[in-house]
Structures are given as C-alpha cells and as structure tokens.
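This report goes through the fold of the model shown below, from chain A to the sheets and helices of chain B.

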Amino acid sequence: MSRVYPPTAKWHEMERAGIIPQAGNAEEYTVGGWRNEHPVRDNECCIDCLFCWIYCPDNAVNIKDESVKYQGFSADHCKGCHICAAVCPKDCITMVPGGEFSPDEPGQSEEE
Amino acid sequence: MGKRIALEGNEAVAEAMRQINPDVVAAYPITPSTEIVQNFAQFVSDGEVTTNFVAVESEHSAMSACLAAAVAGGRVMNATSANGLALMWEILYIVSSLRQPVILSVVNRALSGNINIHCDHSDSMGARDTGWLQIFAEDVQEAYDNLIQAVAIGERMDVRLPVMNCLDGFLLSHSYELLQVEDDQAVKDFVGPYQQWKPLLDIENPVTYGPLDLYDFYFEHKRSQMEAYPPAKQAIIEEGKRFGEVFGREYGLIEGFMTEDADFVVVALGSTCGTLRDVVLEQREKGVKAGMLKIRAFRPFPAEEIAMALQNASAIAVLDRAASFGAHAGPLYHEVTSAMYTHGKAVPTNNYIYGLGGREILPDDLSSVYDDLQQVATAGQPWSPVSFLGLRE
C-alpha cells in the first residue's frame with residue numbers, strides 16, 4: 001500500500017491536523033521535474049568525500065551502503081539546485097543545461 | 001470542600017493554574033494580564049508547581065514556545081492581553097490547525113492605537129477566526145471556573161482545540177470578588193492527567209507536524225478542522241454540566257436571565273452581563289418585560305441556541321464592546337442577527353457599541369437601551385446604523 005494519499009482522497013479521509021504519521025516518506029515525493037540543469041561528476045577528480053551527499057537537501061546523491069561510495073544522482077529527487085557543485089572541495093561537479101541525465105555522462109550510474 | 005476567599009480575577013486564574021500544575025507556561029507580561037504569569041512565576045519559584053516556566057522575549061515567542069511544548073506532548077498554558085494577543089496572531093492559527101489544546105487566558109484590553117490599557121473586546125474579536133474556542137467570564141468566579149473547564153474541554157480526544165479563557169481587563173482582572181476556590185485535589189481530579197495525542201517526543205512513533213500543504217490538500221485539511229467544532233460545542237455543554245455536578249456551579253453555551261417571557265432582550269458578553277442583571281430587575285419592577293442573554297461561548301458560536309432563546313422577543317439589542325471598522329455593525333451583532341436570519345426568526349435588533357478603551361457602562365446607559373427597545377418594538381424595525389452608549393455626541 002502506498003503511504004502517500006492519492007490525489008482523490010477526500011477531506012474526511014485526512015489525518016487530523018494534517019500530520020504525516022509515516023517517517024521517511026520524502027522518498028516518495030519526487031521533485032525531479034523541477035530541474036532545468038543537472039549535475040555531472042568528473043570521475044577522475046572525485047575523492048569520495050561525500051560532501052555532495054551530506055549537503056544535498058533532497059537525498060538525490062545515491063551511495064552504496066556497504067562501501068559508502070558515490071553511486072550517481074537520483075533523477076527523481078535532484079532539483080538541479082547547484083548545492084552539490086558549490087560544496088565540492090575538488091570542483092568535480094559541473095552543472096549542465098537541460099533537465100535530462102544521460103547514461104553516457106561520466107559519473108551517472110544506475111539508481112539503486 | 002474548598003474555601004471562600006476574596007481574590008482578583010488575575011489571582012483567581014493564577015490559582016487555578018497552580019492547582020492544575022501544567023507542564024509548561026511560556027509567557028511575556030502585558031497589562032492587564034501580567035499578574036497571572038507574575039503570580040504563577042512565584043508559584044514556580046516557591047516550588048508549589050513543577051511547571052517548566054519559560055521566560056521569552058515577546059508574545060510571538062511565547063505562543064511559539066507554547067505550540068512547541070504542546071506538540072512535544074505537554075499540557076501548556078499562557079496569558080496575555082490586547083497587543084500581546086495581536087503579536088501571537090500568526091501562531092494562534094497554527095496552534096488550532098495542529099489541534100493543540102493550549103489554554104490562553106486573555107485579559108481583554110483595547111488594541112492600540114492610540115495606546116490604551118483598559119477593557120474592551122477588540123483583542124478577542126480580532127482573534128475570532130483563529131480556530132480557538134473563546135469562553136467569556138461574567139465575574140471572577142467564572143474566570144476561575146472557566147479556566148478549569150477549558151482544560152477539560154480542549155483536551156477531549158474528540159475536540160483537541162486551544163481555548164481562550166476571556167475575562168474583562170481591570171473590571172475582572174483587578175477587582176476583588178468573593179469566590180469559591182475548590183480543593184487542589186478536586187480540581188486535579190476534574191481535569192484529570194494529561195492525555196497525549198501523537199506527541200513529537202514519542203520517538204517510537206515518529207510523525208511530522210506542519211508540513212508544506214498546498215492547493216492539493218490544504219483545503220481538505222481545513223475542512224476536516226471544521227469538523228472539530230460541533231464536538232467542541234457538545235464538550236462545553238457536557239463539561240459545564242459535569243462541573244455543576246462536582247462543584248455545584250453549572251455552565252452552558254449561553255445563559256438567559258429572565259428571557260423566558262421577555263419582550264425586550266439585551267445580548268452581551270463578559271462583565272456587562274452582571275450589570276444587566278440589576279437593570280433587568282429594575283425594568284421588571286417598572287413592569288417592563290426585560291431579559292438578558294449572556295453569550296458564554298463565543299467560539300464555537302451557539303447560533304441555534306441563541307436563535308431559540310431570542311425567538312419570542314419583540315425587540316433585541318446586541319451590545320458590542322468592539323468595533324468592526326468598515327462593517328455595518330459590531331461583530332457580535334453580525335453573529336446574532338445571522339443566527340436569527342438563518343433560523344427564520346425575524347426580530348428587530350438594535351446594535352450598540354459601548355465601553356471602548358474602558359469607558360464605563362452604567363446602569364442608566366443600559367436602562368436607556370430597554371427604553372429604546374420599547375420604541376423599536378412599536379416601530380417594528382431596528383434603528384440604523386449602530387448606536388453608541390456612553391459616547392459624548
């Protein structure tokens with residue numbers, strides 16, 4: 001069962017006080033459609049410091065849990081806000097015009 | 001058994017707060033409500049309560065701290081007046097929207113400008129759409145009793161709404177009256193232990209309060225909030241009845257005084273109802289079938305009860321201790337006449353604005369209203385526009 005209300009949900013089906021009783025549901029709220037620029041990572045210079053992962057306001061930087069390594073950007077959650085590019089200490093992230101991530105671009109691997 | 005002692009309105013409210021011993025009081029002083037939190041702060045310092053007293057830097061912060069403490073899972077109280085209430089305005093809406101039963105004693109005072117510290121109802125009336133329940137006291141006993149009931153009403157699981165305990169500034173807040181103060185334990189038993197509803201500090205069951213809520217869901221949430229007010233009305237009746245069973249003083253949404261057979265009924269809020277009782281008796285001695293209708297609960301507004309209570313009158317006067325600038329009459333007049341109209345009761349109704357900024361309302365002023373009503377009944381229509389009592393004109 002989806003944890004998100006369908007757009008047809010009626011007023012008497014709402015939670016009291018408009019609370020959200022489930023934790024971690026930001027994952028289900030996609031904001032990728034807001035993006036008109038997207039980040040591209042230079043694989044050669046990345047040192048896997050994961051500043052981009054820490055600072056991303058939308059959890060749009062995927063990491064591999066076991067290795068704590070960068071695994072690409074989430075097309076569903078990246079708003080193209082530039083924060084990852086701004087905080088990267090090695091200037092490895094460049095913002096590229098256009099909202100579409102391309103699998104051919106360096107640093108963009110499959111989403112988990 | 002309690003005790004009969006003389007207290008000021010502010011002292012009586014502080015005494016009820018001491019007996020209830022809330023978890024958190026976050027307050028900022030403003031005349032004429034200052035003594036409530038001043039006395040309560042003394043109780044905290046003396047160890048008579050275990051309340052966490054938060055001294056903040058403004059009323060906006062005070063209500064914000066109250067909201068946070070309530071959402072965290074505590075029983076929360078506060079007091080303010082006039083401009084202090086106005087500064088809380090933004091947070092008032094959030095407290096009611098998030099369904100937190102915060103109890104706020106509003107010691108009614110005129111809003112600036114020009115600056116004035118005395119009684120009128122412009123502060124509470126400005127907050128009438130905020131979603132808070134509003135209960136008005138006629139005397140010091142009621143200010144004490146209403147605070148205790150407010151806790152029981154607001155905290156009911158089918159209600160969960162904040163309540164304003166309104167009492168007239170200086171007229172009640174700084175007037176000594178003999179009242180019955182009940183035993184501490186009896187008061188604690190009446191309100192019961194605080195029942196939490198989805199508190200933020202329940203980390204095993206995390207919830208989010210107050211997220212972004214745009215055109216796709218906000219409307220549904222507001223509509224569901226409206227559903228809380230009919231149960232709140234019922235709660236005021238039931239808790240008022242229970243209070244009567246426990247302490248011998250029963251309360252309701254409204255209280256009529258000699259309205260049963262009255263031709264001429266004056267409707268009012270707050271301490272003026274006490275003066276009206278004397279005037280009604282004087283009028284009755286003169287053979288005028290006078291009556292008074294006190295509106296105790298202004299929010300939720302008991303429209304049906306008022307219409308039923310006033311339906312047999314020949315003429316009605318509604319007294320407003322606040323102006324509604326740009327409107328064609330005072331706020332209470334709008335509500336009462338709307339209640340009458342929607343229940344199909346056509347009775348000529350006059351509006352009087354009185355007592356702004358603490359201007360005295362005297363028995364002679366009120367007698368003149370009953371004189372007017374006799375003329376209105378003969379003419380078959382109300383006067384227009386509003387009239388003023390006690391104004392130099």
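## Contact between α1 and α2 in chain B

The model is predicted. In chain B, Asn10(B), Glu11(B), Val13(B), Ala14(B), Met17(B) and Arg18(B) of helix α1(B) meet Glu35(B), Ile36(B), Asn39(B), Phe40(B) and Phe43(B) of helix α2(B). Sorted by class, this contact has six nonpolar, two polar and three charged residues.

Helix α1(B) covers residues 9–20 and helix α2(B) residues 34–45; they pack with axes 8 Å apart and at an angle of about 40 degrees. Because of that angle, α1(B) is oblique to α2(B). The crossing of α1(B) past α2(B) is right-handed.

Chain A contains two helices and four strands. Read from the N terminus, its elements follow the pattern β-α-β-β-α-β. Chain A has 112 residues, of which 21% count as buried. Taking contacts within chain A between residues at least 6 apart in sequence, 68% join residues at least 24 apart.

Between the chains, 12 residues of chain A are in contact with 15 residues of chain B. The chain A side of this contact is made up of eight nonpolar, two polar and two charged residues.

## The seven-strand sheet of chain B

One open sheet of chain B is built from seven strands in the order β3-β2-β4-β5-β7-β6-β12, with mixed pairing. At its edges stand β3 (52–55) and β12 (297–299) of chain B; each has a single partner strand, so one side of each is left without a neighbour in the sheet. Direction ignored, neighbouring strands of this sheet are turned against each other by 20 degrees on average.

Within this order, strand β4(B) (residues 76–80) and strand β5(B) (residues 103–108) pair in the parallel sense, over four bridges. Ala79(B) has Ser105(B) in β5(B) as its bridge partner. Helix α6(B), residues 140–154, lies across β5, β6 (133–136) and β7 (163–168) of chain B. The direction of α6(B) is at about 170 degrees to that of β7(B).

## The six-strand sheet of chain B

Another open sheet of chain B has six strands, ordered β9-β11-β10-β13-β14-β15, and its pairing is mixed. The edge strands are β9 (254–257) and β15 (387–389) of chain B, each pairing on one side only. From one strand to the next, the twist averages 25 degrees.

In this sheet, strand β10(B) (residues 264–268) pairs with strand β13(B) (residues 315–320) in the parallel sense over four bridges. The bridge partner of Val265(B) in β13(B) is Ile316(B).

Which strands does helix α12(B) touch? Helix α12(B), residues 331–342, packs on the sheet against β10, β13 and β14 (349–354) of chain B. The direction of α12(B) makes about 145 degrees with that of β13(B).

Helix α10(B), residues 272–285, lies across β9, β10, β11 (290–295) and β13 of chain B. The angle between α10(B) and β11(B) is about 165 degrees.

Conventions: Residues numbered from 1 in each chain as written. Chains lettered and ligands numbered in written order. Predicted model: local features only at pLDDT ≥ 70, side-chain atom pairs only at ≥ 80, totals over all residues. Axes fitted to C-alpha atoms, helices over the stretch in contact; angles between N-to-C directions. Parallel < 35°, antiparallel > 145°, perpendicular 65-115°, else oblique. Left-handed = near helix turned anticlockwise from the far one by under 90°. Contact = placed C-beta atoms within 7 Å. Nonpolar A, V, L, I, M, F, W, Y, C, P; charged D, E, K, R; others polar. Buried ≥ 20, exposed ≤ 12 C-beta atoms within 10 Å, placed from the backbone. Pairing = 2+ DSSP bridges.
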